[in-house]
Amino acid sequence: MTGIRALPAHGALWLIGGLVSLPILALIVAVLQWDAQSAALLREMAGSVLGGYAVTTVVLSVVVSLGVAVVGTACACAVTLFDFRGRRQWEWALLLPLAMPAYVVAYAYTDYLQFSGPAQTWLRAAFGLEGRVLPEVRSLGGAALVFVCTLYPYVYLLVRVALLERAAHLMDAARLMGASLGRRVATIAVPLARPSIMAGVALALMETLADYGVSSYFGIQTFTAGIYKAWLVLDSRIAAAQLATVLLILMALLLRLELHARQRMRYASVKGRRAAAQPVALTGGRAAMATVVCALPVLLGFVLPVLFMLRPLWQAWGAEDTPLPWGSFIGWSLNSFKLAASTAVLAAAIALALAFAARRTPTRLTRTVVTLAGMGYAVPGAVIVVGLLIPVGWLQAARPDWQVGFWISTTVLGVVWAYLVRFTAVALHTVQSGYNQVPASLDETARMLGVSGWGLWWRVHRPLLVRSSLVAGLLVFVDVMKELPATLVLRPFDHDTLAVVAFQLAKDERLGEAALPALVLVLVGLVPVILLSRTLNKKTA
């Protein structure tokens with residue numbers, strides 16, 4: 001009887017596992033479908049665009065890696081190891097760029113710094129110059145700057161936690177032994193934070209490789225832009241699958257690097273109570289230098305982009321020839337809200353079911369499904385789109401009477417499915433963190449009192465996981481609101497979202513109209529940043 005009762009639960013787990021792993025499995029099957037036409041197309045791509053995709057992606061990855069490592073580590077060291085005026089404010093202000101979607105920052109800088117923008121126009125008029133005064137924003141260097149300014153908080157967060165937990169007592173010991181400040185930072189703080197730096201760089205590179213908005217807007221030929229071009233322009237399923245597979249392999253390597261770095265972080269941790277940090281007081285020029293180190297990334301990654309987007313919004317506010325589309329804006333907001341809310345509820349429910357199953361019956365099946373669901377966030381939206389549309393095309397060709405293509409392409413089912421594949425991992429990690437705070441002894445006590453199965457979850461776990469569930473849903477909600485690649489391809493006709501509209505208007509050089517949805521996305525992105533800042537303040541208090 002126990003085995004019979006377990007069948008529905010196992011079936012549900014297999015369903016969830018198939019849901020989140022279908023894109024990857026479909027890509028593998030598609031890649032294995034070799035024929036003469038596919039081989040000829042791949043040879044043509046290898047001789048024309050594939051080399052350019054590879055070089056551009058590698059150069060961008062290297063520059064972004066070095067940039068986020070240097071900026072994130074410098075900021076973390078400044079606010080953790082030193083004490084100067086305004087340090088407490090910079091601790092949370094350095095998180096603000098997390099609220100900025102990279103493509104919004106790209107729109108802002110392009111509008112203000114391009115040839116006809118206010119910056120170059122003023123410079124030419126003030127100094128009597130002609131031609132281009134500033135470097136081209138829409139370039140590989142400009143894209144690298146955008147990614148560094150918006151993604152350095154990944155390194156900053158992890159390095160700051162590492163320094164708080166592991167470097168404090170060692171830095172004090174080295175100071176008592178007469179080591180200089182520079183030597184203490186170079187030989188103790190930075191080496192101890194090296195695993196955290198690697199983990200943060202890996203996370204930043206995942207976001208860089210998965211990006212489509214910046215690369216497409218700047219005209220940069222990366223693998224992600226190439227996937228969409230192969231699918232939508234060349235109309236080649238195999239070419240898109242090949243490029244998606246290469247990107248997927250890169251993501252798997254980065255995920256492995258991030259997991260390895262986290263294991264080293266746990267290995268390097270100090271057991272027992274954390275030693276209280278004794279930051280070194282800075283005055284004069286050193287304090288000013290620390291302030292500049294913290295202010296520059298906040299200025300470039302948040303303050304200036306917001307001001308640059310407010311300028312075209314203000315100009316369009318009172319313009320009669322190009323009025324702001326307030327009526328359409330309400331519809332875009334409602335579409336975004338409905339998609340984000342429905343995905344958040346479903347992702348939180350799936351995460352609760354998986355986390356409960358992993359706690360109640362930690363079998364190989366459960367661990368496999370949880371692992372698959374946890375990998376979804378590392379899969380770029382471009383890969384998910386290709387991985388979903390390939391099996392839909394196969395099924396539509398085999399059984400046209402089922403109208404699978406109709407339901408996936410003309411309704412929100414395809415979009416929500418892609419969201420769940422990518423963002424269930426966010427909810428799952430949050431719920432699992434909540435479960436770590438629930439003692440296992442409560443389960444044993446409940447079983448002794450006759451409460452087991454789903455009754456255990458409903459009466460014991462559910463009240464204790466309310467906060468974690470709400471936070472999980474909120475994080476998924478914000479991620480869905482900002483998501484661009486999957487929405488751009490899978491959204492139904494006349495079902496635009498704020499992210500899609502901001503991208504399309506900016507691409508048409510209508511920055512005044514694009515500023516409104518873009519700034520709304522920034523405001524929504526501030527919510528998890530505020531939560532994260534409050535959580536860090538509680539831990540460091």
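Residues are numbered from 1 along each chain as its sequence is written, and side-chain values use heavy atoms, with hydrogens and water left out. Because the model is predicted, local features need pLDDT of at least 70 and side-chain atom pairs count only at pLDDT 80 or more, whereas totals for chains, interfaces and linings use all residues.

**Exercise 1. Trace the network of salt bridges to which R87 and E91 belong.**

Solution. Begin with the criterion: a salt bridge is a side-chain nitrogen of Lys or Arg within 4 Å of a carboxyl oxygen of Asp or Glu. The structure holds nine salt bridges.

Step 1. D83 and R87 are joined by a salt bridge with an N to O distance of 3.3 Å. To describe the cover of the two partners, call a residue buried under 20% relative accessible area, exposed over 50% and partly exposed in between (1.4 Å probe, protein chains only). D83, at 34%, is partly exposed, while R87, at 11%, is buried.

Step 2. R87 also meets E91 in a salt bridge, at 3.2 Å from N to O. Helices are DSSP runs of H or I with at least four residues, numbered from the N terminus; because R87 and E91 are four residues apart in helix α4 (residues 87–93), about one helical turn separates them.

Step 3. E91 forms a salt bridge with R160 as well, the closest N and O atoms being 3.3 Å apart. This pair links distant parts of the chain, since E91 lies in helix α4 and R160 in helix α7 (residues 140–176), 69 residues apart. E91 is buried at 4% relative accessible area, and R160 counts as buried at 4% relative accessibility.

Step 4. The network links D83, R87, R88, E91 and R160.

**Exercise 2. Classify the ring pairs Y53 with F223 and Y217 with F218.**

Solution. A pair of aromatic rings is described by the distance of the centres and the angle of the planes. Rings of Phe, Tyr and Trp (its six-membered ring) pair if their centres lie within 6.5 Å, and planes under 30 degrees apart count as stacked, over 60 as edge-to-face and the rest as tilted.

Step 1. By this rule the count comes to 10 aromatic pairs. In the pair of Y53 and F223 the centres are 6.3 Å apart and the planes stand at 55 degrees, so the pair is tilted. Y53 belongs to helix α3 (residues 50–81) and F223 to helix α10 (residues 223–233), 170 residues apart, and the pair thus links distant parts of the chain. Both Y53 and F223 are buried.

Step 2. For Y217 and F218 the centres are 6.0 Å apart and the planes are at 35 degrees, so this pair is tilted. Y217 and F218 are buried, and together with Y103 and Y107 they form one aromatic cluster.

Step 3. A charge sits over a ring if NZ of Lys or CZ of Arg is within 6 Å of the ring centre and within 35 degrees of the ring normal. R138 lies over the face of Y217, 4.2 Å from the ring centre.

**Exercise 3. Describe the cover of helix α22.**

Solution. Helix α22 spans residues 498–507 and is mostly covered, with eight of its 10 residues buried. Among them are V500, V501 and F503. Just after α22, E509 takes a positive phi of about 65 degrees.

Notes. Helices (H or I, at least four residues) and strands (E, at least two) are DSSP runs, numbered from the N terminus.
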